[in-house]
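Take a walk through this fold, one region at a time.

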Amino acid sequence: MAIRLRTVNGVRIALCAAETDPMPGDVYLDDGDHYALAAKFSRDWAGQVAGWEYPVEWAAMDTQKVRDAATELEAWLSSVVGRECVGVTA
């Protein structure tokens with residue numbers, strides 16, 4: 001999923017690009033960038049127990065969301081009815 005990196009009140013966060021609007025200063029990572037980072041994190045943490053708790057970051061992320069990604073996907077899929085969408089399912 002495409003990501004926007006943003007600083008909100010001094011907190012650096014990553015946001016779903018489909019759920020947020022671009023803002024000045026955002027760094028945009030496309031699907032390939034996200035995939036590459038996910039592969040690295042997976043390797044970095046392979047076989048380890050991690051405490052995935054980021055309350056400050058998650059609270060800041062929640063202030064930025066303006067849409068739901070699943071709803072956006074469904075709307076996009078509806079807009080391409082009749083076009084070839086190989087491998088795309090909702």
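**A threonine in a loop**

Threonine 20 is found in the loop between strand 2 and strand 3. The model is predicted. Is threonine 20 buried or exposed? Its relative accessible area is 2%. The cut-off for buried is under 20%. Threonine 20 therefore counts as buried.

Two polar partners can be named for this side chain. One is arginine 4: the side chains of threonine 20 and arginine 4 make a polar contact at 3.0 Å. The other is cysteine 16. Its backbone oxygen lies 2.9 Å from a polar atom of the threonine 20 side chain.

Arginine 4 leads on to the strands. It stands opposite tyrosine 28 in strand 3. Strand 3 covers residues 27–29. Strand 1 and strand 3 pair in the antiparallel sense, over 3 bridges.

Strand 1 also pairs with strand 2. That pairing is antiparallel too, and it runs over 6 bridges. Strand 1 spans 3–8 and strand 2 spans 11–16. Leucine 5 stands opposite alanine 14 in strand 2. Arginine 6 stands opposite isoleucine 13 in strand 2. In a regular strand, side chains alternate between the two faces of the sheet.

Now turn to the hairpin. Strand 1 and strand 2 have 2 residues between them. Asparagine 9 sits in this loop. Most residues other than glycine have a negative phi. Asparagine 9 has a relative accessible area of 80%. The cut-off for exposed is over 50%, so asparagine 9 counts as exposed.

Next comes helix 1, residues 31–44. At its start, a side-chain oxygen of aspartate 30 reaches to within 3.0 Å of the backbone nitrogen of glycine 32. How far apart are the end C-alpha atoms of helix 1? They are 20 Å apart. The helix has 14 residues, and at 1.5 Å a residue it should span 20 Å, so the two values agree.

Rolling a probe the size of a water molecule over the atoms shows where empty space is left. The largest pocket has a volume of about 590 Å³. Its lining has 22 residues. Ile3, Ile13, Ala14, Leu15 and Met61 lie nearest the centre. Strand 1, strand 2, helix 1 and helix 2 (55–62) each supply at least two residues of the lining. Which element gives the most to the lining of the largest pocket? Strand 2 does, with 5 residues. By class, the lining has 15 nonpolar, 2 polar and 5 charged residues.

The second largest pocket has a volume of about 160 Å³. Ala14, Phe41, Trp45, Trp52 and Tyr54 line it. How does this lining divide by class? There are 5 nonpolar residues, no polar and no charged.

Look back at alanine 14. It stands opposite leucine 5 across the strand pair. It is among the residues nearest the centre of the largest pocket. It also lines the second largest pocket.

Conventions: Residues numbered from 1 in each chain as written. Predicted model: local features only at pLDDT ≥ 70, side-chain atom pairs only at ≥ 80, totals over all residues. Heavy atoms only, no water. 1 Å grid on protein atoms, 1.4 Å probe; cavity = no way out; pocket = protein on both sides within 12 Å on 5 of 7 lines; lining within 4 Å. Points joined across faces, edges and corners; volume = space filled by probe spheres on them. Helix = DSSP H or I, 4+ residues; strand = E, 2+ residues; numbered from the N terminus. Nonpolar A, V, L, I, M, F, W, Y, C, P; charged D, E, K, R; others polar. Pairing = 2+ DSSP bridges. Buried < 20%, exposed > 50% of the residue type's maximum accessible area, 1.4 Å probe, protein only. Expected span 1.5 Å × (residues − 1). Polar contact = N/O pair within 3.5 Å; in protein donor to acceptor, adjacent residues only side chain to side chain.
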